[in-house]
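Here's a quick tour of a single chain, written for someone who likes cut-offs spelled out. Have the viewer open and follow along.

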Amino acid sequence: MIIESDKLKISDRDPDTLHCERPGKARLRYRFIAAIVAISCASILICAACITPQASGIGSHTQLNLPACGFLERNSYPCPTCGMTTSVAYFVRGRLIMAFITQPAGAMVGLLCLAVTCIAGYAAITAKQVDKYIDFINFNFFYIVITVTVIVLLSWLWTCIRIKLQGNM
């Protein structure tokens, strides 16, 4: 298969690398985008490493000069994202069980950030296309939205139960 345009000619002769009439430009752009993605995800992990997880499981984000959760203050129940910062902070410290106990969706965010940082970093360094390694995943937008929604809602339910059992509500 060969894809041609007025500026670019890409073929799939070697699926590991980008081939085009101007390979330097295409590779540089690909590497730049991969580097931006890797740096973005790594910055989330670095921020989480710079804060101390709160023992209560919520409120760690205030160390980043963010306000306290308004939903929690008004309703006495945590919002769907309460505990995510604390969970990622536990995750980067290698305390995976505490990360999942604190906020399961937050632990998954930490895991996703780590995986994307590694994959995008590899792509940025080597300029190899990594999409063939993740093609087995069906990226149907509807199913992704439903899955993420269910995970966040179940994690929210878990966080409400955990906080209720701790006596913080």
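## Gln103, tucked away

Gln103 has a relative accessibility of 0%, so this residue counts as buried (buried is under 20% relative accessible area, exposed over 50%, partly exposed in between, with a 1.4 Å probe and protein chains only). Before going on, note that this is a predicted model, where local features need pLDDT of at least 70 and side-chain atom pairs count only at pLDDT 80 or more, while totals for chains, interfaces and linings use all residues. Residues are numbered from 1 along each chain as its sequence is written, and side-chain values use heavy atoms, with hydrogens and water left out.

Gln103 sits in the loop between α4 (96–102) and α5. Setting aside neighbours within four places in sequence, Gln103 touches Pro80, Thr81, Cys82, Gly83, Met84, Ser87, Ser155, Trp156 and Thr159 (contact means heavy atoms within 4.5 Å). Gln103 also caps the N-terminal end of α5, with a side-chain oxygen 3.1 Å from the backbone nitrogen of Ala105. A polar contact here is a pair of N or O atoms within 3.5 Å; within protein, one must be able to donate a hydrogen and the other to accept it, and residues adjacent in sequence count only if both atoms are side-chain atoms.

## The overall layout

The chain has six helices and two strands, in the order β-β-α-α-α-α-α-α along the sequence. Helices (H or I, at least four residues) and strands (E, at least two) are DSSP runs, numbered from the N terminus. Of the chain's 169 residues, 28% count as buried. Take the contacts between residues at least 6 apart in sequence: 57% of them join residues at least 24 apart.

## Helix α5

How far apart are the end C-alpha atoms of α5? They are 33 Å apart, which agrees with the 33 Å that the 23 residues of this helix (residues 104–126) should span at 1.5 Å a residue; the expected span is 1.5 Å times one less than the number of residues. Buried positions in α5 include Pro104, Ala105, Gly110, Cys113 and Thr117. Just past the helix, Ala127 takes a positive phi of about 65°.

## α5 against α6

α5 and α6 pack at about 130°, with their axes 7 Å apart; axes are lines fitted to C-alpha atoms, for helices over the stretch in contact, and angles run from 0 to 180 degrees between N-to-C directions. The two helices are therefore oblique to each other (under 35 degrees is roughly parallel, over 145 roughly antiparallel, 65 to 115 roughly perpendicular, the rest oblique). Pro104, Ala105 and Met108 of α5 meet Ile151, Val152, Ser155 and Trp158 of α6.

Trp158 is partly exposed, at 36% relative accessible area. Its side chain reaches the backbone oxygen of Ile101 at 2.6 Å. Beyond neighbours within four places in sequence, Trp158 contacts Phe100, Ile101 and Pro104.

## Aromatic pairs

Rings of Phe, Tyr and Trp (its six-membered ring) pair if their centres lie within 6.5 Å; planes under 30 degrees apart count as stacked, over 60 as edge-to-face and the rest as tilted. That rule gives two aromatic pairs. Phe71 and Trp156 are edge-to-face, 6.2 Å centre to centre with 70° between the planes. Phe71 lies in α2 (residues 70–75) and Trp156 in α6 (residues 141–166), so the pair ties together parts 85 residues apart in sequence.

Phe142 and Tyr143 are also edge-to-face, at 5.6 Å and 65°, and both are exposed.
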